[in-house]
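Open the model in your viewer and keep the selection tool at hand.

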Amino acid sequence: GIGRTSLSRIVGHSATIGVSVWEAAAGAEQIPGLGAAAVKSLNRFMASMSELAELAEQRVPIGDLLEAVLSRSGYLQALESEALGRAEKAIETQGRLENLDQLVEVAREFDAGAGEHEDTLDLFLQKIALVADADSRSDEDGLVTLMTLHNAKGLEYPIVMIAGCEDGVFPHARALDEGGLEEERRLFYVGITRAKRELYLTYARRRSVFGQATYGMRSRFLDEIPAELTDREEELTLSASAPRGVANGASGGHGPAGWAASRVPESSPAKAFRVGEDVTHAAFGEGVVTGLEPGGVIVVRFAKDGSERKLMAEYAPVSKR
């Protein structure tokens, strides 16, 4: 609800009184020419940003912080509304949402691998900036080329690796739901025929998707390839005598029967924790709650390394034991 006109008035006012735009925006009622609706929108925006800034200062895990930013800013809701309003934008918007989910997953991996005093927002942003710089490098001999199957059309390579050959990943869950299987199969053929000399097709029995452990089934496309044309590992012996779900890692009946059913974790309200309660975290392991702070933040001491970390109960992959 803050348009160009309102923004120009905020910037102009900050220049007139010699303060930063942030400081000027904090006193919305004092800005000349700003209407009541704009003042209300600006105050709401500033309140949200202040809450998020406080969370960052509390050193909550970066993954939790990103989840909070995406949720409380309304960005996810805006993208979803855009997809509903314009059918042609649905695929593009879905890609953006998946990229944001992946960004949160990268942040959770950073949280899990960082030391107790190295899990700061500054260090995470520096790491992301370095990765972005690496993406801009020009092609050199000996480098691995990463690309989507769509971008691979017309190209050939001595060795090709197609990862993620799992139902729900490739073929994509959306294609399975919306009848786009033939297009996915055609893309699979495109990928296979990019290889001049060697072709590797891989899948995971179990993987972390957006912070949640999920069990998948081998892609149906792999089963369509005659066995005599491939070099396969011992798992084929198992898959010949067991259901696909069991043969591909969902042992003992644990985990869903299909990838699509478990792809997106259900959202849940903030959990109620008590000091002294035993909990477990997807990345940090077992711990005990040592403190409760405003804003839904819990303090947990983890047994594995003795570290004490602040977590956002609403977004962290943490549960009671």
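Start with the five strands that form an open sheet, in the order 8-7-6-5-9, with antiparallel pairing. Strand 8 (308–312) and strand 9 (318–320) are the edges: each has a single partner strand, so one side of each lacks a neighbour in the sheet. From one strand to the next, the twist averages 40 degrees. Strands pair if DSSP finds at least two bridges between them. Strands (E, at least two residues) and helices (H or I, at least four) are DSSP runs, numbered from the N terminus.

This is a predicted model: local features need pLDDT of at least 70, side-chain atom pairs count only at pLDDT 80 or more, and totals for chains, interfaces and linings use all residues. Residues are numbered from 1 along each chain as its sequence is written, and side-chain values use heavy atoms, with hydrogens and water left out.

Next, select strand 5 (residues 278–281): three bridges join it to strand 9, and the two run antiparallel. His281 stands opposite Val318 in strand 9.

**The rings**

There are five aromatic pairs (Phe, Tyr or Trp rings, the six-membered one for Trp, with centres within 6.5 Å; planes under 30 degrees apart are stacked, over 60 edge-to-face, the rest tilted). Select Phe170 and Phe188: this pair is edge-to-face, 5.5 Å centre to centre, with 65 degrees between the planes. Phe170 lies in the loop between strand 1 (157–162) and helix 8 (173–178), and Phe188 in helix 9 (residues 181–192), so the pair ties together parts 18 residues apart in sequence.

Definitions and conventions
Axes fitted to C-alpha atoms, helices over the stretch in contact; angles between N-to-C directions.
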